Amino acid sequence: MRQKPYLFFTGIRTCGMLFGWLLAVSATFGQQSSLPVVQLQSPDGKLELTFTQQEISPGKRRLSYHVNYGKKAVILESGLGVQVDNHVFEHAMAHKVTSPPGSLGAGWCDNLVLKNIVRTSKDTTWKPVYGERNQIRDQYNQVAVQFTKEDSPDYELTIIFRAYNAGVAFRYFFPEQSKGLYYRVMAENSEFTLPENTSAWHTAWAQGPYQTLPLANWPETAERPLTLSLPNGLFASLAEAELTDYALTKFSLSTTKPNTVVTSLYESVDLMSDVGTPWRVIMVAERPGQLLENNDILLNLNPPATVANTGWIKPGKLMREVTLTTEGAKACIDFAAAHNLQYILFDWKWYGPAFSFNSDARQVVAPIDMPGIIAYGNSKNVGIILYVNLQALYKQMDDIFPLYKKWGVKGVKFGFVEVGSHRWITWLTEAKRKALENQLMVNIHDEYRPTGTSRTYPNVMTQEGIRGNEEFPDATHNTILPFTRYIAGAGDYTICYYDKRLKTTHAHQLAMNVISYSPLQSVFWYDKPSQYNGEPEIEFFANVPTVWDDTKVIHDAIGEYVTIARRSGDDWFVGTITNNDGRALKLPLHFLPEGRTFTAHIYADDPAVQTKTQVRVTTRRVKAGQTLDLTLLPKGGQAIWLTPEKK
C-alpha cells in the first residue's frame, strides 16, 4: 500500500503563485540567492510555519523551517531533508551516480533547485465509522514546495507542509521517477529544535513507563507521540501519521545541536515512486487537554476508507476466556450477556503453541467446541474473537481469514507482531487490508502504536502499544497516558477489576473505562465470572459505551490528576483519576446542556462499604452550571454516569 500525496481534492481551491491569498501563504525570493522563503498559517491564524532554503556555500543549500504560535516560538530554526543512496540502482540503469558509495546519501538534498510552489486549502467535515467524536472537521492550509536536483533534474522531491489549527505537519514526497529508478532512503534529517528548558515525557518503548526528562542525556530513543512542555507555557507533541509503507520512526537527541530532537529511522527504506514518507506532526496547545481533544489531526492525515459496507464493524466490550474449555466459554458468555459485554476472546494456545510455526490456526486443539460456542454466543448476542500469533498469521493468513469468516468469528487479535522494519510494517498493512476484506475486526498487540490508519482500515479497532494492566502500572502512570500514548489513538489497556495485583483502587479502574479510549475495550482481563459477587458498581461496565459522540478534557494536570467527560447520545460519562496521592477536586458541569436535569450515578471509593471492592454507588440530581465535589483516595478515582431525566 503506497503512500500518495493528496494535493488535489474536490472542493479544494488551487492557486499558482498569487501573493496575499487567503491561505496566508507567501513566497518571496531573495535578490541575491533567489532561494524561497515560504510562510504558511493555520486557518485560525495562530500557527505559522516558515520554510527557507539558504545557500551556505557555493552549490550547497540547506533546507530549514521554524514554527511559531502567536508570538511564542514552538520550533526554532530546524533542518529538513532526506538521505537517499541510489547508487546500486543508478549503476544498474546506467544513470549518473548522485550519492557515492559509502556516503549513505548524505548531501542528497544539498543541490535542490526550486521548481514550483502549489498551494491548496480544504475545509470539510466527515463522519468516522466510530471515534472519540461523531464528526471530524478536516480544515487545513497546505503548500507543496517542489524541487529538482540541479545535477540530475529527473530526480524530483516535494516537501508538503500542512497547517491545521491543532498543529502543523510535513512529509517528503518523491514524484514518479522518469527513469524508473527506485529510492533507498537511508535517513531523514528532520529536526525539531525546541526552546531551552523544554522537558519531555519520555518512554523508550511502546509498553514502557514514562519519565520527565530535559532535552539532554536520554537513555534511549523516545517513542512517539513525544509530548513536550515548553518554558513559554505551551505544550507540544511530536507525532507520526500514515505509517503504512515505511520503517518505524522514533525520536533521538541531536549529537551536535542542543535542545534538538531528530527523527530516528529503525532502518533504511526502499521505496518505489510515486510515494511519500509518513507525516511528521507537531501538535501545539495552550493546555495539555487540547492535545487529546485535537488528536483527530492524525486521522485527517490518512486517506479515507474505500470499503462501502461497514455495518459489520461493531465496537464493544470484551472479556477474555482464560480456561480454554467449552464449559468456561459458556460461563463467560453468560456473564457477558448479563453485563452487556459484546465479545469474548479466546487467548493464545487455543490452536497450539503460539510461537511455533508447527501450530495450525485452522484447528482447535483446546477442549473447545468452537462451532457450538459460536452458535451459543450468537444466541446471546456475544461474538467470538480469536488470538492468533505472528507465526500463524505469517504462515496461514490467506487461509485462516476466510475460514474464520465462514466460522462466524467476529475478529482476530494479532499477537506479538513485528513493528520496526519496512518489511514488517508493509506486511502489517497488508494484513489489515485482508482482514478488512474478510470482515474481521482486528486488535493488534504488542509494541504496535497507531498513526491514524484506522481511518483507512476501520476494522482495526484497537491496539496495545501501551503499558496497561498486563504490567499493572501505578496510578501516576495512568494520569500521564491521556496526554502521551492516547494522543495517537485507541489503546488496549486491558482493564482489570478483581485482580489482587492492581496498584489502583477499584473506582480508578471503573474510571479507566472513560479515560482509556478503545472501541474494542478489554475488561475483566484477568478476571473470571466466578469472582463476581453482586457488586452494585458493576452496572457501570454494562452502561458505559466504548465509542463517543463528543469528548472533553476537564482536568489535565499531567502526572497528577485527569478528568475526561465523553458523550454518547444524550448521556455523559465522566472518568476522573488521581495519581498515587489523594486529593479533592471540583467538577464543573458546564458540558451539560442548559435547561435539562440529569441523574448523576456516582461510583466512588469508600472504605466503609462492606464489599471486597469498597465502591459506593450514589445518585443525585444535577444541572449545567453546578459543580460536583470529588474526594479521591490515593491511587483512586471516580466514575460518573449522567443521564437526562425524561421531560
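Which residues in α4 meet I373, Y376 and G377 in α5? Before we look, note that this is a predicted model, where local features need pLDDT of at least 70, side-chain atom pairs count only at pLDDT 80 or more, and totals for chains, interfaces and linings use all residues. Residues are numbered from 1 along each chain as its sequence is written, and side-chain values use heavy atoms, with hydrogens and water left out.

Now to the helices, which are DSSP runs of H or I with at least four residues, numbered from the N terminus. The α4 residues that meet those three are T326, A329, K330, I333 and D334; contact here means heavy atoms within 4.5 Å. Helix α4 spans residues 326-338 and helix α5 residues 370-379, and they pack at about 10 degrees with their axes 10 Å apart. Axes are lines fitted to C-alpha atoms over the stretch in contact, and angles run from 0 to 180 degrees between N-to-C directions. The two helices α4 and α5 are therefore roughly parallel, a term for angles under 35 degrees.

Let us turn to the nonpolar core. This is a set of buried Ala, Val, Leu, Ile, Met, Phe, Trp, Tyr and Cys residues joined through side-chain atoms within 4.5 Å, where buried means under 20% relative accessible area (1.4 Å probe, protein chains only). The largest has 119 residues, and V281 and W350 are among those that touch the most other members. Helix α6 (residues 390-407) gives the largest share of this core, 7 residues. Apart from it lies another core of 60 residues, including V74 and L265.

Finally, visit N543 in helix α10. Beyond its neighbours within four places in sequence, N543 is in contact with K317, F573 and W641.

Methods. Buried < 20%, exposed > 50% of the residue type's maximum accessible area, 1.4 Å probe, protein only. Parallel < 35°, antiparallel > 145°, perpendicular 65-115°, else oblique.
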